[in-house]
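User: I would like to learn how to read a few features of a protein model, one at a time. Could you take me through them slowly?

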Amino acid sequence: MAAEMGGMSMKAGSSGYLEMHPDRRIFIFQNPYIVGITFAAGIGGLLFGYDTGVVSGALLYIKEDFELVRNSSLFQELIVGMALVGAIFGAAIGGIVNDSFGRKTATIIADLCFAAGSIIMATAPNPYVIIFGRLLVGLGVGAASVTAPVYIAEASPSEIRGGLVSANVLMITSGQFLSYVINYGLTRVPGTWRWMLGLAGLPAVVQFFLMTFLPESARWLYLKNRKEEAISVLSKIYSPPRLQDEIDILEELVVQESKSKVKVKYSDVFTKKEIRSAFICGAGLQAFQQFAGISIIMYYSPTIIQLAGFKSNQSALFLSLIVSGMNAAGTVLGIYLIDAVGRKKLALGSLFGVVVALIILSTSCYIMGHGKSTPLLAWLAILGLALYIAFFAPGMGPVPWAVNSEIYPEEYRGLCGGMSATVNWICSVIMSTSFLSVVDAIGLGESFMILLAVSVISIGFVIFYMPETKGLTFEEVLLIWKERAYGKDKNQETVAGKAPSSA
């Protein structure tokens with residue numbers, strides 16, 4: 001049973017439980033099984049990242065092969081943005097598949113979509129087929145963006161959950177870095193863009209075979225009344241006596257679910273106060289992540305670098321490679337900081353740095369756009385770009401995904417996670433498909449000034465709305481939203497009050 005301390009029940013994995021039993025604390029590299037699950041599920045993040053990075057380089061060569069694309073900003077935006085349109089539907093459908101058929105099945109379906117789309121793009125005879133292939137790839141990316149964080153979070157002990165979910169973001173940024181390495185390495189290979197896009201199918205094939213050997217999420221299995229399978233999975237993660245405490249938590253969830261007979265509906269997200277509060281936080285973080293401009297920076301970094309004055313494809317791809325490498329390195333730092341510092345402080349520090357970077361980037365691009373282009377200003381723009389990634393990657397990269405994997409009740413986790421990811425992809429579509437047109441209309445510097453304004457607003461959102469969830473169990477996080485929605489029992493210390501300081 002859950003440990004007792006001073007008349008209070010201490011849930012397994014909570015801060016009080018681990019203070020009472022420090023020998024039961026689990027560290028990231030202590031259990032190879034957890035690391036293996038994180039890596040295999042995180043390949044979905046690698047797919048996500050590779051797609052984000054590879055199209056930025058492939059687009060340079062697609063323009064050379066197809067005059068229609070070369071002469072149309074709209075077609076360029078469609079090639080980039082169609083994957084994001086697919087991701088919107090993939091995320092929405094992925095949330096439903098997650099809850100109905102399990103995290104493992106959802107991952108396998110995502111792999112099939114991604115592999116099929118990659119083959120179609122690599123063999124495309126015209127831009128229209130490329131766009132269709134991008135749509136299929138997007139379906140897989142969207143489903144993976146929902147499934148991987150939830151699968152990892154549910155397999156993770158609460159004390160290392162943030163770091164392991166952030167490892168999925170590391171896979172995203174590693175995929176982006178890998179794509180730039182491949183892009184740069186293929187610059188002189190015949191059929192350049194076909195190889196760039198076709199190689200995207202390999203990680204999907206690898207993950208497909210790995211997932212056939214991995215178990216379903218223990219929490220999902222237990223709530224589907226497949227308790228023996230769930231306990232078998234949990235026994236590979238926890239050792240006695242914590243194993244029994246974790247089983248007790250799941251059994252309590254089953255009892256509560258049977259009493260309440262929860263029938264999950266989309267409308268609940270907006271009518272139930274605690275679910276609505278959690279969704280506003282999760283979806284808000286996802287929206288601000290995109291409106292701060294990360295998709296623009298990653299999808300169009302070679303184009304931005306060329307607009308800043310570095311004209312050759314090779315130079316643009318090489319500098320983009322450096323930026324992408326910083327993105328991956330920054331995410332490694334974020335894996336440590338998210339559980340050590342906390343989600344809220346990390347997000348705020350990240351956003352303040354992004355604001356400084358955008359001031360440098362927008363100012364230098366604005367001056368160059370008004371007839372005063374110099375090598376110094378061009379390098380200042382590159383500095384702003386690099387600083388943007390250096391500050392964004394450790395914080396606003398992983399934090400929205402980590403928070404979204406842990407703030408919803410079990411029965412709503414797939415649904416709300418899918419809806420929040422859908423918000424992310426919708427915002428990404430808006431940013432990615434409008435960027436070049438906005439630049440044509442108002443200028444590059446002015447476009448970055450819009451991102452600067454949004455980043456300032458997002459700081460206010462994090463300060464006033466986002467709670468700290470560092471070290472809390474799923475059940476303790478749920479209490480935070482219930483307290484916000486319905487008030488608190490003034491005779492008891494609230495979970496929100498016990499959460500680690502975040503402001």
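User: Is F448 buried or exposed?

Analyst: Please keep in mind throughout that this is a predicted model. A residue is called buried when its relative accessible area is under 20%, and F448, with a relative accessibility of 0%, therefore counts as buried. This residue belongs to helix 21, which covers residues 444-465.

User: Which residues is F448 in contact with, leaving aside its neighbours within four places in sequence?

Analyst: Once those neighbours are set aside, the contacts of F448 are I297, I304, L358, L361, S362 and C365. As for I359, this residue is 89 residues away from F448 along the chain, yet the C-alpha atoms of the two are separated by 8.3 Å.

User: How should I read a pair of aromatic rings?

Analyst: The description of such a pair rests on the distance of the centres and the angle of the planes. In this model the count comes to eight aromatic pairs. One of them joins F270 and F279, whose ring centres are 6.0 Å apart and whose planes stand at 80°, so this pair is edge-to-face. F270 counts as partly exposed because its relative accessibility is 48%, whereas F279, at 10%, counts as buried. Y388 and F392 form a stacked pair, with 5.6 Å from centre to centre and 10° between the planes.

User: Where do Y388 and F392 lie, and how far apart are they in the helix?

Analyst: Both are in helix 18 (residues 375-392), and because they are four residues apart there, about one helical turn separates them. Y388 counts as buried at 0% relative accessibility, and F392 is buried as well, with a relative accessible area of 3%.

User: Which residues do ring pairs link into a cluster?

Analyst: The cluster consists of F288, F461 and Y465, linked by ring pairs. Y465 also has a charged group over its ring, namely the charged end of R484, which sits 5.4 Å from the ring centre.

User: How do the axes of helix 5 and helix 9 cross?

Analyst: For two helices, one looks at how their axes approach and at what angle they cross. The axes of helix 5 (residues 103-122) and helix 9 (residues 201-211) come within 8 Å and cross at roughly 155°. Angles over 145 degrees count as roughly antiparallel, and this is therefore how helix 5 and helix 9 run relative to each other. The crossing is left-handed, and the residues that make the contact include I108, L112 and F114 of helix 5, together with A204, F208 and M211 of helix 9.

Terms used:
Residues numbered from 1 in each chain as written. Predicted model: local features only at pLDDT ≥ 70, side-chain atom pairs only at ≥ 80, totals over all residues. Heavy atoms only, no water. Phe/Tyr/Trp six-rings, centres within 6.5 Å; stacked < 30°, edge-to-face > 60°. Buried < 20%, exposed > 50% of the residue type's maximum accessible area, 1.4 Å probe, protein only. Lys NZ or Arg CZ within 6 Å of the ring centre and 35° of its normal. Axes fitted to C-alpha atoms, helices over the stretch in contact; angles between N-to-C directions. Parallel < 35°, antiparallel > 145°, perpendicular 65-115°, else oblique. Left-handed = near helix turned anticlockwise from the far one by under 90°. Contact = heavy atoms within 4.5 Å.
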